[in-house]
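My notes follow in the order I made them.

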Amino acid sequence: MLRGTYMWFVTERLGTSNSRDTDGSQMATLAARFWRLIVENAWRQPPVLSEADHLNAQNLSGIYPPTSSDVVVVGGGIHSLIYSIHARLKSQYDIEHDLAPPNQTKPVSITVLEKSLSPGYKIGESTLTTFGVWLKSIGISTALLWRLFGPKDGLAFYYLPHDGARDGYTDFCANGPAGDFVATLQIERKISELLLTLFAQRIGVQVLHGHTVDIDSTKLPSNTSDEPTPSGRVNVKSQKGTQNSIDTRLVVDATGRFRRFASKAAKSERMEGFNTDSFWAYFEMLGDEADMPLRHYESCHTNHICIAEGWAWIIRLPSWEGNEIEQLIPMVNYLLDLDAAGTAEDAYPSSHELARKFGLKFRWVTSIGYALRSDVSYPEDLAKYGSCEAERKFNWITSRYPRMSELMARHKLVPDLYGPGTTWFVRKSLTYNVPVAAGDGWAAIGDAAGFTNPLYSPGINCNMATSVTLAEKTGAYLAGPDAAARKEVLRNYNQYCVARVPNLHRMNVFNYLMMRSPKTGPLGPLWQYLCGTGNTEWQHIKQYATLKRVAELVTTWEWGSNRPEYIAFAKEAIALYNGPPTAPSDDLAQELLQLSEKRMKEVIGSGKYRGRWAGLLRYYDDDLKFNANKVGRDVLAKRCESCLNWRILTNAAKKCPTCGSENQAVAIERYN
């Protein structure tokens, strides 16, 4: 607390928190003055610092907004941070490797303005390989990540029959990436955004919490003339009431689904056909997961329970909720210091050891929620199922499926985990397209540029493509020799964004329709893995885990939904199988299965898509032929021999990231 107060005092006096920018005599004078004030005022209450004060004191360039910044990002969420980190590091890389324009001698200056006092609760808790590759490319290690977040080993799907029968369900399971490459995670968004905030600040991005942008009075940069540095002006008010203006050349809308700038350019568009609504809560798992009523159930997967009406997610993750931001900052900075020093994985303290070292609360919780079609018919007596809309719909749909009811009996509701009124959550009409994602002097990223259903975790893992794409284009935009060149950069970015969401939406519609029957359900992920991981880029994915090349992967992947073979089959399947959230006829399901088998044989026969499918998938061989007796695949994770939490195998680390105990199992086991 005292250190935070001292840093606040220094930055108040100097406008910087970086002692390297201050000579020794200044620092000595300030230190003496600080301690004299402490002694003279020991009987008084120390100044109360807000969460924003603690966070803003971490900035290298001070706690106040600058008078000018090349880029101003409005919103401080995960896409804002991905963009800012990538754009900053890319500009540094270009300068160091003589790739920058002749007039660029310093890295691009970026200011992030976030109205909240600190990172807060958000849904979207499962990450995929592309995010892991990006984290590796910027230098954040798996050892650090597994101390803060839950280990994840791929995706599992269970398809329940619509008639409510307990038996007759099918399942599909795929591994994640090997632990000696990158991490996929089950994350608490507050902690992920805190980690990226502190990382961004360390590399020179100024991230200011408690600062609200006046959208209406902000003047966007204009590219109507050929002036070399067209400037807009962002007006901002701090939590303490001070007002500032920042001259800038590019404004980035990272305000999520609120689309504070993008909404002024055009209204969002809803897709044709059904949309989806979501409701969820947090639970504590009772007993051991080995007794769950689903075969091969493992909590290190992101588990999907799929029904004709939609699907449910089950995500077990560690929670650091209940700790003050001033307690969390030292822990995350400590881990970043270990990472920067190249610390060996087993030399990191475990999550439990970190909690003890920094006096923090730590627990495991399970996020469980549904994303159902908007054309589902609910009963008239819905009120009897709970006290609010989310609880009622959750309990009603659960009651329809015996195995889901049995699973929920193994979980206890955690009330108000994230503060008063946070027991039940609801969000409607999840999918929307944004017809205009960039304009004169501004561009939208992340959810501000469109969103689809969270079935395959597109919120972070696909939408980060917008953040990285704009980051890659920022240098060209700022260096544009004239207005036409700058406009062309933003025009191309806008076209990229507008084309993405329809492909992702088609992917979700295809998968939702497959869920109408347990027979056809597995076709959804089967085609995703064929086109999403069988392509050439994915088969050589390790070469993209560098800052120089990562954009080639994350800006084009899209779960394979943009591949022509996938698009062609998805369109055929949707046309054949489109229908209400009820079970189709057996004849129709069989017709679709035959069509899929025919098209998949053609695609595989083309030689365009390859993979070690037997190692990746349960029930499938390397030719993607189904075998119900083939349950083995690569073993990438095992439960800790002491605490029983899952740990990802790395071929090196023995210690459990959660409890710190040593384990015998170290090596990844490849399927033969």
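Before looking at handedness, I wrote down the rule: a crossing is left-handed if the near helix is turned anticlockwise from the far one by less than a right angle, and right-handed if clockwise. I also noted that this is a predicted model.

Entry one, H4 and H7. I looked up how helix H4, residues 78-96, passes H7, and the crossing is left-handed. The two helices pack at an angle of about 25°, with their axes 10 Å apart. Angles under 35 degrees count as roughly parallel, so H4 and H7 are roughly parallel to each other. On the H4 side, I listed Ile 78, Leu 81, Ile 82, Ile 85 and Leu 89 as making the contact. H7 brings Arg 189, Ser 192, Glu 193, Leu 196, Thr 197, Phe 199 and Ala 200. Sorted by class, this contact has 8 nonpolar, 2 polar and 2 charged residues.

Is Ile 82 buried or exposed? Its relative accessible area is 0%, so Ile 82 is buried. Setting aside neighbours within four places in sequence, I found Ile 82 in contact with Phe 131, Trp 134, Leu 196, Met 464, Ser 467 and Val 468. I also checked Ile 82 against Ala 200: they are 118 residues apart along the chain, and their C-alpha atoms are separated by 8.8 Å.

Helix H7 covers residues 189-202 and helix H9 covers residues 325-340. I read an angle of about 60° for their packing, with the axes 10 Å apart. H7 and H9 are therefore oblique to each other. Their crossing is right-handed. From H7, the contact takes in Lys 190, Ile 191, Leu 194, Leu 195, Leu 198, Phe 199 and Arg 202. From H9, it takes in Ile 325, Leu 328, Ile 329, Val 332, Asn 333, Leu 336 and Asp 337. I sorted these residues into 10 nonpolar, 1 polar and 3 charged.

How many disulfides does the structure hold? I found 0. Cys 462 is in no disulfide, and the nearest cysteine sulfur, in Cys 497, is 13 Å away. Cys 462 counts as buried because its relative accessibility is 1%.

Definitions and conventions: Residues are numbered from 1 along each chain as its sequence is written. This is a predicted model: local features need pLDDT of at least 70, side-chain atom pairs count only at pLDDT 80 or more; totals for chains, interfaces and linings use all residues. Side-chain values use heavy atoms; hydrogens and water are left out. Axes are lines fitted to C-alpha atoms, for helices over the stretch in contact, and angles run from 0 to 180 degrees between N-to-C directions. Helices (H or I, at least four residues) and strands (E, at least two) are DSSP runs, numbered from the N terminus. Angles under 35 degrees count as roughly parallel, over 145 as roughly antiparallel, 65 to 115 as roughly perpendicular and the rest as oblique. Contact means heavy atoms within 4.5 Å. Ala, Val, Leu, Ile, Met, Phe, Trp, Tyr, Cys and Pro count as nonpolar, Asp, Glu, Lys and Arg as charged, and the others, Gly among them, as polar. A disulfide is a pair of cysteine sulfur atoms within 2.5 Å. Buried means under 20% relative accessible area, exposed over 50%, partly exposed in between (1.4 Å probe, protein chains only).
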